[in-house]
Amino acid sequence: MTQPLPPFMHPITGMVCEPAACTEDVVRASLIEAARSMQQLGINHGSAGNVSVRWHRGAADGMLITPSALPYEQCGVDDIVWVSMAAGQGTAALQVDGVRQPSSEWRFHHDLYVRRADARAVVHTHAPHCAALACLPQVQQQGIPAFHYMVAAAGGRDIRCAPYATFGTQALSDHVLAALTDRRACLMAHHGMIALGGALESALALAVEIEWLARTYALALQLGTPALLSDAEMDRVLDRFTRYRADPLDDLLAAEPDAHGRTAVPS
Ligand code: 13P
């Protein structure tokens with residue numbers, strides 16, 4: 001597994017990388033490191049959650065994803081699974097390369113890469129404050145509203161909550177994709193949260209930010225009824241973020257994805 005990456009955006013750091021420094025094994029190791037770090041960052045526990053990066057093998061569109069139900073501490077580079085983007089389309093069978101089963105949530109990772117050119121890394125966690133808020137009917141209906149300007153980090157005036165569906169199902173993937181329309185993160189009812197990024201580091205950083213917002217919103221709800229910022233103010237914040245934030249994702253948000261999201265991949 002030493003396929004080098006052409007010289008373009010590194011899937012982990014988002015920086016332009018040398019092909020020799022970015023083999024598939026390096027990306028696999030970074031995926032494991034990211035999955036393990038989620039617990040230290042306070043956004044996950046045990047083997048919950050899953051992490052993936054977009055990874056083309058030559059002309060074959062695909063992703064690398066953590067395996068199902070394997071504690072991250074026991075996960076080695078050979079346990080990471082490559083999944084073809086052809087999976088799940090029409091009657092195409094799931095095409096995987098690896099000794100393990102891919103995460104049971106491979107569908108929403110897959111569907112995000114197919115539909116979202118801006119997604120180059122996807123992080124799903126059972127972050128405790130996100131999961132707790134996502135059990136409240138009020139949050140399931142309205143998401144996390146604009147109680148703090150950093151809500152705009154998710155890409156809009158609020159952070160939506162995807163309706164509940166059984167884990168690992170196409171229904172859950174459909175709900176998640178709808179909740180992520182024009183957004184980079186969402187809550188998942190009775191489940192957790194998802195963040196996507198232009199690189200693994202930015203997706204992880206956004207997941208941490210969303211968990212901080214969930215914790216702070218939960219605290220504010222205990223103290224009273226939070227006042228909300230106006231739509232006009234949130235629009236100003238969103239506008240400033242386009243210049244303030246240097247995530248390479250920003251450049252890609254306006255890009256029109258083709259069927260395989262290839263506009264996100266500089267040649
Ligand atoms: P996997 O171990 O299959 O990735 O499932 C964990 C999870 O969080 C399901 O939502």
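In this predicted model, the pLDDT averages 87 over the chain, and 83% of the residues reach a score of at least 70. Residues 248–267 form a stretch in which the pLDDT is below 50, although this stretch has 39 contacts in the model beyond near neighbours in sequence.

The strands of the model include eight that form an open sheet with mixed pairing, arranged in the order S4-S3-S2-S1-S5-S8-S7-S6. The edges of this sheet are strand S4 (96–97) and S6, each of which pairs on one side only. Strand S6 (residues 161–162) runs parallel to S7, to which it is joined by two bridges, and Cys161 has Leu187 in S7 as its bridge partner. In a regular strand the side chains alternate between the two faces of the sheet. Within strand S7 (residues 185–188), Ala185 and Leu187 point one way while Cys186 and Met188 point the other way, and all of these residues are buried.

The buried residues of H6 are Leu200, Ser202, Ala203, Leu204, Leu206, Ala207, Ile210, Glu211, Leu213, Ala214 and Tyr217.

The ligand is surrounded by residues from several parts of the numbering, namely Ser47, Ala48, Gly49, Asn50, Ser68, Ala69, Ser103, Ser104, Glu105 and Phe167. Sorted by class, the shell around the ligand consists of six polar residues, three nonpolar residues and one charged residue.

Technical notes
Residues are numbered from 1 along each chain as its sequence is written. This is a predicted model: local features need pLDDT of at least 70, side-chain atom pairs count only at pLDDT 80 or more; totals for chains, interfaces and linings use all residues. A residue is near a molecule or strand if its C-beta atom, placed from the backbone, lies within 6 Å of it. Ala, Val, Leu, Ile, Met, Phe, Trp, Tyr, Cys and Pro count as nonpolar, Asp, Glu, Lys and Arg as charged, and the others, Gly among them, as polar. pLDDT is the predictor's confidence in each residue, from 0 to 100. Two residues are in contact if their C-beta atoms, placed from the backbone, lie within 7 Å. A residue is buried if 20 or more other C-beta atoms lie within 10 Å of its own, exposed if 12 or fewer, and partly exposed in between; C-beta atoms are placed from the backbone. Helices (H or I, at least four residues) and strands (E, at least two) are DSSP runs, numbered from the N terminus. Two strands pair if DSSP finds at least two bridges between them.
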